[in-house]
Amino acid sequence: MLTKRFNLWCQGATPWMGTGAWDACKADHSEDDLRGRDCYAGLDLSSTGDISSVCYAFPGENEILLLTRYYLPEAQLQNVANKNRAIYRQWAKAGWIRTTKGDCIDYDRIRDDILKDSEQFTIPLIGFDTWNATHLRTQLQGAGLDVEPFPQTYMRFSPVVKSAEVFVNRQIIRHNGDPVLAWAMESDANANIKPNKKKSANKIDPAIAFLMAFGTLQAEHEEFAYSLSDEQQQRLAEFSGV
């Protein structure tokens with residue numbers, strides 16, 4: 001499963017999510033299409049020099065639409081020690097990554113953007129990794145948002161990852177072609193399904209934010225399980241990972 005400081009989906013060398021299944025979930029929804037709707041957020045804050053990620057999951061009629069935000073210190077775009085700097089520059093130029101001034105991530109910028117998003121979306125709940133997020137959590141709660149920890153454990157993540165795989169294969173989860181999230185979803189996995197950051201070739205923070213958003217939504221909207229047929233529900237219950 002995902003665990004912020006472990007860097008990968010486990011010990012395996014097989015991609016957790018096949019690119020074909022993920023690509024098939026591409027939809028054409030825009031930010032304007034989601035205005036006024038409910039969504040559940042996953043917040044994964046990085047260390048000072050890595051990607052920080054926010055993912056919003058919008059429940060719909062037998063579908064879950066995703067919207068993402070990514071943040072990176074602008075100094076990382078030129079940092080020769082950052083092996084991902086070239087692709088980061090492409091994504092920043094295309095608008096997928098929001099850069100912040102200097103060589104440290106600007107948590108105030110993330111806070112301000114979440115508060116601005118809360119003015120156009122209804123956010124009943126934000127799930128977050130407690131690592132490095134205490135101050136931001138306090139600020140968001142002070143602004144009236146409901147924020148709760150999302151434990152970075154096998155027990156919490158495993159059923160979420162298994163459900164996410166089923167929902168992706170059924171094209172219930174829909175993304176807008178976000179290349180950053182697609183890149184993160186290429187991490188490795190095994191039946192235990194827990195992210196391990198130390199072994200992942202790609203940064204998995206975007207995938208962690210997605211799973212926290214999906215898991216937070218799923219906990220509040222259990223009816224999504226009931227949209228499956230009896231056979232599909234049984235297969236989901238028996239599914240033990242890839």
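A residue is counted as buried when its relative accessible area is under 20%. In this predicted model, Val147 has a relative accessibility of 4% and therefore counts as buried. Val147 lies in strand 7, which spans residues 147-149. Leaving aside residues up to four places away in sequence, Val147 touches Leu125, Ile126, Phe128, Arg137, Leu140 and Gln141. The C-alpha atom of Val147 is separated by 9.8 Å from that of Leu43, a residue 104 positions away along the chain.

Among the residues touched by Val147 is Leu125, which in strand 6 is the bridge partner of Tyr40. Strand 6 (residues 122-128) and strand 2 run parallel and are joined by five bridges. Strand 2 is also joined by five bridges to strand 3 (residues 52-59), and this pair runs antiparallel. Within the latter pairing, Leu43 has Val54 of strand 3 as its bridge partner. Strand 2 itself covers residues 38-44 and is mostly covered, with six of its seven residues buried. In a regular strand, side chains alternate between the two faces of the sheet.

Cys39 has a relative accessibility of 0% and so falls under the 20% limit for buried residues. Cys25 is likewise assigned as buried, because its relative accessible area is 0%. No disulfides are present in the structure. For Cys39, the nearest cysteine sulfur is that of Cys55, at a distance of 9.3 Å, and Cys39 is in no disulfide.

At the level of the whole protein, 10 helices and nine strands are assigned. Of the 242 residues, 51% are buried. Contacts between residues at least 6 apart in sequence were also examined, and 75% of these join residues at least 24 apart.

Technical notes
Residues numbered from 1 in each chain as written. Predicted model: local features only at pLDDT ≥ 70, side-chain atom pairs only at ≥ 80, totals over all residues. Heavy atoms only, no water. Disulfide = S-S within 2.5 Å. Buried < 20%, exposed > 50% of the residue type's maximum accessible area, 1.4 Å probe, protein only. Helix = DSSP H or I, 4+ residues; strand = E, 2+ residues; numbered from the N terminus. Pairing = 2+ DSSP bridges. Contact = heavy atoms within 4.5 Å.
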